[in-house]
Amino acid sequence: MARKQFDLIVFDWDGTLMDSTAVIVNCIQAAAKDLGLPIPDQKAASHVIGLSLQNAMEVALPDIDAKYYPRMVERYRYHYLNQDGGLVLFDGVHEMLNDLSQQGYFLAVATGKSRVGLNRALNASKLLSLFDATRCADETFSKPHPAMLQELTRELGQDMKRTVMIGDTTHDLLLAQNAGASGIAVHYGAHTVAELQALNPLYAANSVAELHAWLGTNG
């Protein structure tokens, strides 16, 4: 049976599949504290989730000397690696991805994580075999540049018009818009409902269960 709208479903990772927003915010703040820099508040730190690490630090702390950005990245990684073993997927993620895979969708990840970081997360969560392709911010342009989706569709031989990007941030929705794909928002991650709705996503889910149900009916 022909699928309704999509052949390729691309997921963001942090804040969309993995419940990691609070940990990332804490690690950004801890890195700034280590270096005696102004500590971004929760809104500023959560807003940059989804960007490449270097880009995220530049946006979170725009008024510091540029020499501190590589050191911020180092300190962030130190704190994150001490905590990421305790991170968990949102409830229902395994079931949703298994179901979509069995239905024959191509599944992919487009993330601001590094390749090493994503591989660690995929192995720890036992999801590696479910994804047909993945793109990380240290391999191509950071969101919201369209390169991640352009590369994923090219690698998998898919049509951008039958591709959807699912994420918890405006960076994800802007990536979709810039690439000419559809965009779906989830409301349980880093960016506010108002920020996400301002970009007119095709659909917005309040939970993984809602997202799974919508994709099952409309995907």
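A residue counts as buried under 20% relative accessible area, as exposed over 50%, and as partly exposed in between. The model used throughout is predicted.

**Exercise 1. Classify Glu-155 by accessibility, then identify its salt-bridge partner.**

Step 1. The relative accessibility of Glu-155 is 44%. This value falls between the two limits, so Glu-155 is partly exposed.

Step 2. Glu-155 pairs with Arg-135 in a salt bridge, with an N to O distance of 2.9 Å.

Step 3. Arg-135 belongs to strand 3 and Glu-155 to helix 7, so placed that the pair links distant parts of the chain, 20 residues apart.

**Exercise 2. Find which other glutamate forms a salt bridge with Arg-135, and decide whether Arg-135 is buried or exposed.**

Step 1. The closest N and O atoms of Arg-135 and Glu-151 are 2.8 Å apart. The cut-off is 4 Å, so the pair qualifies as a salt bridge.

Step 2. Glu-151 sits in helix 7 (residues 147–156) and Arg-135 in strand 3 (residues 133–136); the two are 16 residues apart.

Step 3. Arg-135 has a relative accessible area of 15%. The limit for buried is under 20%, so Arg-135 is buried.

**Exercise 3. Determine which parts of the chain the salt bridge between Lys-43 and Glu-195 ties together, and classify both residues.**

Step 1. The side chains of Lys-43 and Glu-195 meet at 3.4 Å, N to O, in a salt bridge.

Step 2. Lys-43 is exposed at 55% relative accessible area, whereas Glu-195 is partly exposed at 24%.

**Exercise 4. State how many salt bridges the model contains.**

Step 1. The criterion is a side-chain nitrogen of Lys or Arg within 4 Å of a carboxyl oxygen of Asp or Glu.

Step 2. By this rule the count is nine salt bridges.

**Exercise 5. Explain why Cys-27 and Cys-136 form no disulfide.**

Step 1. A disulfide requires two cysteine sulfur atoms within 2.5 Å.

Step 2. The cysteine sulfur closest to that of Cys-27 is in Cys-136, at 18 Å, which is too far for a bond. Cys-136 is likewise in no disulfide, its nearest cysteine sulfur being that of Cys-27.

Step 3. The structure therefore holds zero disulfides.

Step 4. Cys-27 is buried, with 0% relative accessibility. Cys-136 is buried, with a relative accessible area of 0%.

Notes:
Residues are numbered from 1 along each chain as its sequence is written. This is a predicted model: local features need pLDDT of at least 70, side-chain atom pairs count only at pLDDT 80 or more; totals for chains, interfaces and linings use all residues. Side-chain values use heavy atoms; hydrogens and water are left out. Helices (H or I, at least four residues) and strands (E, at least two) are DSSP runs, numbered from the N terminus. Buried means under 20% relative accessible area, exposed over 50%, partly exposed in between (1.4 Å probe, protein chains only).
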